[in-house]
Amino acid sequence: MATDVPCFKVILCGEYGVGKSSIFRRFVDNSFTEDCGPRSTIGLDHMSKEFTVNGKRIKLELWDTAGIERFATLSASYFQSSSAAVLCYSRVDRESFSMLSQHILDIIMHSKTAKIFLCGNKRDLHSDDEITDADVGSFSEQCDTVLSGIFTISCKTGHGLTDMFHTIVGTLLIDAEQRFDPTRIRPHESPPDDSTQKHHCCS
Ligand SMILES: Nc1nc2c(ncn2[C@@H]2O[C@H](COP(=O)(O)OP(=O)(O)OP(=O)(O)O)[C@@H](O)[C@H]2O)c(=O)[nH]1
Ligand SMILES: [Mg+2]
């Protein structure tokens with residue numbers, strides 16, 4: 001059945017083990033698996049869900065792949081027509097944090113349209129070398145306007161996930177409305193004729 005509900009494709013990105021599939025599972029059925037079985041996601045998975053944001057119905061289609069896929073050729077189709085990328089790192093894995101710039105380059109290279117949202121997962125865990133808010137702050141300053149939002153979540157406790165999905169969807173909706181703002185389209189206005197243009201040009 002045809003539906004007028006706008007749909008946004010959102011992809012999960014980031015190093016292996018940061019919790020992309022855990023975010024996906026929270027999204028799908030609000031579950032969490034401590035032991036995910038085989039270590040890495042193989043291939044692709046996607047699932048869509050409808051939300052109501054600011055009184056508007058929208059569909060979010062979330063895509064998951066393995067962190068290792070960064071090096072594989074399926075990248076192009078994964079990124080294709082995505083509205084947003086949730087770029088994940090683990091708060092207790094500094095390596096995953098230092099790889100963020102590389103992932104940002106990948107996203108920008110493969111998708112002209114995707115807004116990038118930074119997501120620090122495993123907030124429930126602590127380590128001596130954990131990523132601090134100051135680390136995140138200075139990284140986002142370096143990124144200038146590249147990041148459209150910054151979140152800290154825990155897939156284990158569920159902290160911050162609903163808020164993250166709602167904020168992402170809200171941001172995408174506002175962006176889409178601004179780009180297709182009907183008040184900026186004036187269909188009944190005649191284009192300036194040649195004489196008008198000449199008048200301006202020669203005056
Ligand atoms: N304590 C804690 N563990 C988490 C959290 N999120 C994920 N994990 C665990 O981290 C491990 C890796 O999570 P995945 O969701 O498989 O990570 P991934 O990014 O999909 O990994 P790849 O598919 O290999 O790229 C699993 O054992 C999860 O249970 C969290 O918020 N807190
Ligand atoms: Mg995975």
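Modeller: Here is a quick tour, starting with what kind of model it is.
Modeller: This is a predicted model: local features need pLDDT of at least 70, side-chain atom pairs count only at pLDDT 80 or more, and totals for chains, interfaces and linings use all residues. Residues are numbered from 1 along each chain as its sequence is written, and chains are lettered from A and ligands numbered from 1 in the order in which they are written.

Colleague: What is the mean pLDDT of the protein?
Modeller: The mean is 86, and 80% of the residues reach 70 or more. Residues 194–203 fall below 50, and beyond near neighbours in sequence this stretch has one contact in the model. The pLDDT is the predictor's confidence in each residue, from 0 to 100. A contact means two C-beta atoms, placed from the backbone, within 7 Å.

Colleague: OK, the fold. How many helices and strands?
Modeller: Seven helices and six strands. The pattern along the sequence is β-α-β-β-α-β-α-α-β-α-β-α-α. Both kinds are DSSP runs, numbered from the N terminus: helices are H or I with at least four residues, strands are E with at least two.

Colleague: In which order do the strands sit in the sheet?
Modeller: The order is β2-β3-β1-β4-β5-β6, in an open sheet with mixed pairing. Strands count as paired if DSSP finds at least two bridges between them. β2 (44–53) and β6 (147–152) are the edges; each has a single partner strand, so one side of each lacks a neighbour in the sheet. On average, neighbouring strands are turned by 25° against each other, direction ignored.

Colleague: Parallel or antiparallel for β2 and β3?
Modeller: Antiparallel, over 10 bridges. Lys-49 stands opposite Leu-60 in β3, and Met-47 has Leu-62 as its bridge partner there. The hairpin has two residues between the strands, and Asn-54 takes a positive phi near 50° in it.

Colleague: Which helices go with the sheet?
Modeller: One is α5 (residues 133–143), which packs on the sheet and touches β5 and β6. The direction of α5 makes about 170° with that of β6. Another is α6, which lies across β1, β2, β3, β4, β5 and β6 and runs at about 75° to β2. Axes are lines fitted to C-alpha atoms, for helices over the stretch in contact, with angles from 0 to 180 degrees between N-to-C directions.

Colleague: Which residues have the most contacts inside the largest nonpolar core?
Modeller: Val-10, Ala-84, Ala-85, Val-86, Leu-87 and Cys-88, in a core of 36 residues. Elements giving two or more residues include β1 (7–14), β4 (84–90) and α6 (161–179). A nonpolar core is a set of buried Ala, Val, Leu, Ile, Met, Phe, Trp, Tyr and Cys residues joined through C-beta atoms within 7 Å. Not counting residues up to four places away in sequence, Ala-85 touches Ile-11, Cys-13, Ile-107, Ala-114 and Ile-116.

Colleague: Last one. Glu-50: buried or exposed?
Modeller: Exposed, because Glu-50 has 12 C-beta neighbours inside 10 Å. Glu-50 is in strand β2. Among the residues Glu-50 touches are Val-5 and Arg-57, leaving out those up to four places away in sequence.

Technical notes:
A residue is buried if 20 or more other C-beta atoms lie within 10 Å of its own, exposed if 12 or fewer, and partly exposed in between; C-beta atoms are placed from the backbone.
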